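Reader: Could you walk me through this one, please? I am new to it and would like to go slowly.

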Amino acid sequence: METAAFIKELEEENNKLLGRLEPGEALTAESGGNLEIDRLLKIALKNELEAFELSARWIESTPEGDVKLGFARQVGDEAKHYRMIEDRLEELNVDLRGFNPIANGYGELFQYLTTLTDTVERLAAGQFTREAIALVKNRQFIELCEAKGDHVTARLYREVIQPDETYHHKLGRSLLLKYALTDEQQERARRASRKTLELAEELSGLALKKAGIHHAPGC
Ligand SMILES: [Fe+2]
Ligand SMILES: [Fe+2]
């Protein structure tokens with residue numbers, strides 16, 4: 001398939017599934033006390049940590065120079081988000097001493113992503129799809145912050161974090177355009193992308209079932 005047509009098809013398939021994440025109103029109504037901003041920001045720290053650690057792991061084993069640089073850029077951005085969220089939590093008087101975002105281990109999606117060794121799979125799963133999920137989740141989180149009157153956190157997400165995550169998604173797209181050329185590569189990209197959506201806990205409702213968590217920001 002021609003690469004541009006392939007990307008368009010992949011995006012449409014992703015969007016169909018991502019539609020299940022929106023809108024959040026119904027969930028908000030039944031969530032009880034589980035939508036505290038500080039609690040959700042602590043989950044965001046875990047997501048940011050997993051994002052920069054994943055990209056960092058991939059830098060060394062990615063032969064293509066421009067993809068390597070893309071992952072390096074992402075490491076920096078996600079680490080910056082981590083610090084900014086920590087600062088915001090401190091402003092909210094949350095004591096982070098002794099807090100370990102991965103005290104309960106890495107997420108299932110992270111563990112799957114670390115098994116990918118192929119550049120096209122990494123781009124499709126880790127950047128193009130994972131970051132598309134983040135964009136939807138962050139949009140919902142911004143709405144939630146505004147609704148709760150936390151305009152400072154909303155602005156942090158709207159003005160700094162969300163533009164970076166958009167950039168990561170777009171970087172995945174432009175690099176896939178360059179590297180997902182053969183039918184075989186495109187099929188691998190498609191499979192990795194589907195698996196990513198499948199494992200995104202928010203999409204399967206698993207996070208909600210396990211811990212009553214939803215509307216947590218992504219990365
Ligand atoms: Fe990101
Ligand atoms: Fe991030």
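Author: Let us begin with the iron ion (ligand 1), which is coordinated by Glu-78 (OE), Glu-131 (OE), Glu-131 (OE), Glu-165 (OE) and His-168 (ND1) at 2.0 to 2.4 Å; donors here are N, O and S atoms within 2.8 Å of the metal (3.2 Å for Na, K and Ca), and water is not among the atoms, so sites may look incomplete. This is a predicted model, in which local features need pLDDT of at least 70, side-chain atom pairs count only at pLDDT 80 or more, and totals for chains, interfaces and linings use all residues. Residues are numbered from 1 along each chain as its sequence is written, chains are lettered from A and ligands numbered from 1 in the order in which they are written, and side-chain values use heavy atoms, with hydrogens and water left out.

Reader: Which residue bridges the iron ion (ligand 1) and the iron ion (ligand 2)?

Author: Glu-78 does, and the two ions lie 4.0 Å apart.

Reader: Are Glu-48 and His-81 buried or exposed?

Author: Both Glu-48 and His-81 are buried, where buried means under 20% relative accessible area, exposed over 50% and partly exposed in between (1.4 Å probe, protein chains only).

Reader: Why does Glu-165 count as buried?

Author: Because its relative accessibility is 0%.
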